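These are my notebook entries on a structure that I looked up. I record each item in turn.

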Amino acid sequence: MTDAADRPTPLPAPGEPLRLADVQSAVAAELDRIAPVIDELGALFAAAGHELALVGGPVRDAMLGRRSNDLDFTTSARPEQTDKILKAWGDAWWDMGRDFGTIGCRKGDWVVEITTYRSEEYDVDSRKPDVQYGDSLAGDLGRRDFTVNAMAVRLPGREIEDPFGGVLDLAHRVLRTPGTPEQSFSDDPLRMMRAARFAAQLGFTVDPGVVEAMTAMAERIDIISAERVRDELTKLICAPYPRLGLELLVATGLAARVLPELPKLKLERDEHHRHKDVYEHTLTVLEQAIDLEPRLSERSDIPAGPDFVSRFAALMHDVGKPRTRRFQDDGSVTFHHHDAVGAKLTRKRMKALRFSNDQIDAVGDLVELHLRFHGYGSGEWTDSAVRRYVRDAGDQLERLHVLTRADCTTRNKKKADRLRRTYDDLEARIDRLSAEEELASIRPDLDGNQIMTILGIGPGREVGEAYKFLLDLRLDNGPMAEEDAAAALREWWDARD
């Protein structure tokens, strides 16, 4: 279990600079904390005649006052030499990244990955980098994505290497590339998405030159595999400030290539004309869903923290609107059935990005169900309708509660309060019926074996039809005594014949 002292320190609001003295103090404190690892490994590599440096994210996060037991290093040693040293030091080892020069190791609570100095770039039509080993720490840092990730701490002496001004950029909370952004993005186009992801994670602004290069080179992202794009998008969505990253992707044209449903929303007005456009409404819904996330861990077994499924459902819930927009004679706009159309588009996009089937089903179901509550009116639903709402939501019920509540972005306080009270009433009814009838595991009052015995039939299609009839009966009437259910089944069977 993570100690409170090891949890990330909250950053200032986006745009607020950091004091250099605080940065220096934070990194000194973190280096002292991780000294048992860095000093020992530094000494081992030095004794073997190799250079070793803590590098990249761990250095950046140390300067931000953030702690982690996952540490990245770079070294002059070749992978086979690193492997030999780590096997004498650690408890467990892996080399899945050997082709990229990376050897991993675990010792106690510490996880380390050590990569040989390297340089890499993409050919014009390649999806995989051409990895070449380098011969210096400065060269290795120069090929990294951003200056705040191009800092290192030489070991065992703990000298900070910052050839590209990463400390100042970190204090000013700005993302720049070590060299020209054009060269950096040509070497690895995924870095354009990483710029958006770091903006979302850290609340950093992006240097205008970097934004200009992202815009000019947006089509270069097409050579990157769907899996790598998916992973960056997931990290962005689960970051503290996803709006910052998403707005950057849309502004530079990258979103049009990796998530085209999002920028298409900028052209659409919502049916109530309460927002600038559906795009702005969508980002607001996402932020409100994030605010409601604590409900998920409080009311279900969904782990605390960023929840990708509920966030992505909030982002995609209205993507069916461009396809379903219709102008009325009075000048209003409708988007009938955008829930069903949006669910289909969402599933298609997530499949193209190689999301898991479970994630696709969860997000798709939430998009399809996000309007269902609006048929509730002022509480006119019967208990049967409430049961069906719970059944259709299935294990996504708590996420559906979050999405439905987040989807209220009206500036009319009375209307917002009314919608909140109405949904409070629906949730209370669900809780009451759940306590009485175990709605989460709702099933017919007779099982398949009982159906076959009562009707005198064997396995087959008729058993499934009878099961569906009994399930509908259960949803309409609530729990029934076994004899009453059997009588209803016989009556249905006789009428069917």
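Is aspartate 83 buried or exposed? I found that aspartate 83 is buried, with a relative accessible area of 14%; buried means under 20% relative accessible area, exposed over 50%, and partly exposed in between, with a 1.4 Å probe and protein chains only.

I note that this is a predicted model, in which local features need pLDDT of at least 70, side-chain atom pairs count only at pLDDT 80 or more, and totals for chains, interfaces and linings use all residues. Residues are numbered from 1 along each chain as its sequence is written, and side-chain values use heavy atoms, with hydrogens and water left out.

I placed aspartate 83 in helix H4, residues 79–89. Helices are DSSP runs (H or I) of at least four residues and strands (E) of at least two, numbered from the N terminus. Leaving aside residues up to four places away in sequence, I saw that aspartate 83 touches Arg98 and Ile103 (contact means heavy atoms within 4.5 Å).

Aspartate 277 is buried yet has no salt bridge, a term for a side-chain nitrogen of Lys or Arg within 4 Å of a carboxyl oxygen of Asp or Glu. The nearest side chain of opposite charge, lysine 266, is 5.0 Å away. I found that the side chain of aspartate 277 reaches the backbone nitrogen of tyrosine 279 at 3.2 Å and that of glutamate 280 at 2.7 Å.

For the protein chain as a whole, I recorded 25 helices and 13 strands. Buried residues make up 48% of its 497 residues.

Key
Lys and Arg count as positive and Asp and Glu as negative; His and the chain ends are not counted. A polar contact is a pair of N or O atoms within 3.5 Å; within protein, one must be able to donate a hydrogen and the other to accept it, and residues adjacent in sequence count only if both atoms are side-chain atoms.
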